[in-house]
Amino acid sequence: MLMPKPNQDVLAKRDYLVGELRKILRGPEAVIDDAADLRAFECDGLSAYRQLPMIAVLPSTVAEISEVLKFCAAEQVNVVPRGAGTSLSGGALPLADGVLLGLGKFNKILEIDYDNRCIVAQPGVTNLAITDAVRADGFYYAPDPSSQIACTIGGNVAENSGGVHCLKYGLTTHNLLGVEMVTMEGEIIRLGGKHLDAEGYDLLGVITGSEGLLGVITEVTVRILRSAEHISAQLIGFPSSEQAGECVGQIIAAGIIPAGMEMMDRYAIHAAEEFCHAGYPLDVAALLIVELDGPSVEIEYYSAEIEKIATRCGATVNRRSQNDEERHAFWAGRKAAFPAVGRISPDYMCMDGTIPRGQLPLVLARMTKLSKQYGLRVANVFHAGDGNLHPLILFDANKPGELEACEAFGADILRLCVEVGGVLTGEHGVGIEKRDLMGEMFSEDDLKQQQRLKCAFDPEGRLNPGKVFPILHRCAELGKMHVHNGELPFPNLPRF
């Protein structure tokens, strides 16, 4: 889709902004305005939607971030913060008339404090790098998204990311101790620290999962844990996804909380096995990976109990890892499931909804019906233990109508999640993907109240506008019925 050429006034404004930003930032490479170079920032992990930013900036210091935000606030220019760009909800999608603020240069671990069991890191440090920094000393960082080799800790905070071990050890919010952040006015503030609890309002909880709408995170303090004494994983195969879902519910009902409990369906199993040869059984319709950690006697007991439950639920395969190498192979297939699915479909869209565990059999059966209704395959890979679904809808963007069908299919899945008592997102965020579905879960009064909170941090609505809220209100008008003048950002985005 061809975008209209900017007029001379817009070009003059952009040239002025580029000149002033180059005075603020060190090095000619810190301000990018060439269209070819800006292509690197045109989308995030939700690549069906693309938009070139007007300008991208790559600051090197917190002081530079503060000055950039102050300048943009004074010039009434919108800003989109960006980490590694792995967001799957369009949370880092740029604005054609805005500045994209990249945090890639903030990639250092600042402090490892074993006495207080924490790490202080810049936001551009990857999730896996935090564990790698302390692994040799017998520690690790618990939240582990599948994209942990690439996703950054700042982005994890922005989206409240989880991962395969969130069932027992929690999401980012449960492992976050403090942040430094910069407001749109350029004020540098700290929330929390190395201590476990902070006084006053839980502003750290407010920032976690706020999707870049409230401030730019410039430093993160997270807790680290001692590595488990023993770890074992089980592969449990079932003739149907519904039986696997029933097994998940019964394991939790029995009072067993594994370190992780993941599920894959037939499409995902075959794709992952072909991709990385994890040793998965190919004659099952669904596969659970259940990991237990702790003292060996505890693992032995719970493993036997899980085997009994799985047998009652109709399991046809139950295999325990014999060593760490085999256990890592089990997880390698699960971690590689997303890229592996790319081998069986030209395109796919990864959804993210969360449901009560007891609704798994019903929801999986309903998704099968929706798949037939829309004529699109769906590969299921998800955090079964906490009900966080990640259906991968397979489509071909080169076939007319398939992207639109995929979007409609995904919206119906998310509506289904809300219908059975769940929520629109578990860890990917709302972004633009789920923005127009927020009304399925929240009333207009709910959404206005959320926007009042944004107004407390960003009165002019300059940070990451167009995300999360389906209807924008001016801060001064909240409580009245006046809608923000003009169209929402991204009314007609170019797709593919």
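User: Is K105 buried, partly exposed or exposed?
Analyst: In this predicted model, K105 has a relative accessible area of 29%. Buried means under 20%, exposed means over 50%, and partly exposed is what falls in between (1.4 Å probe, protein chains only). So K105 counts as partly exposed.

User: Which residue does K105 meet in a salt bridge?
Analyst: A salt bridge here is a side-chain nitrogen of Lys or Arg within 4 Å of a carboxyl oxygen of Asp or Glu. K105 has such a partner, at 3.8 Å from N to O. That partner is E29.

User: How many residues apart in sequence are the parts that E29 and K105 tie together?
Analyst: E29 lies in the loop between α1 (8–24) and β1 (31–32), while K105 lies in the loop between β4 (99–102) and β5 (109–113). Helices (H or I, at least four residues) and strands (E, at least two) are DSSP runs, numbered from the N terminus. So the pair ties together parts whose separation is 76 residues.

User: What is the relative accessible area of D293, which pairs with K168?
Analyst: D293 and K168 form a salt bridge with their closest N and O atoms 2.7 Å apart. K168 is partly exposed at 34%, but D293 is buried, at 7%.

User: How many salt bridges does the structure hold?
Analyst: Residues are numbered from 1 along each chain as its sequence is written, and side-chain values use heavy atoms, leaving out hydrogens and water. Local features need pLDDT of at least 70, side-chain atom pairs count only at pLDDT 80 or more, and totals for chains, interfaces and linings use all residues. The salt bridge count is 30.
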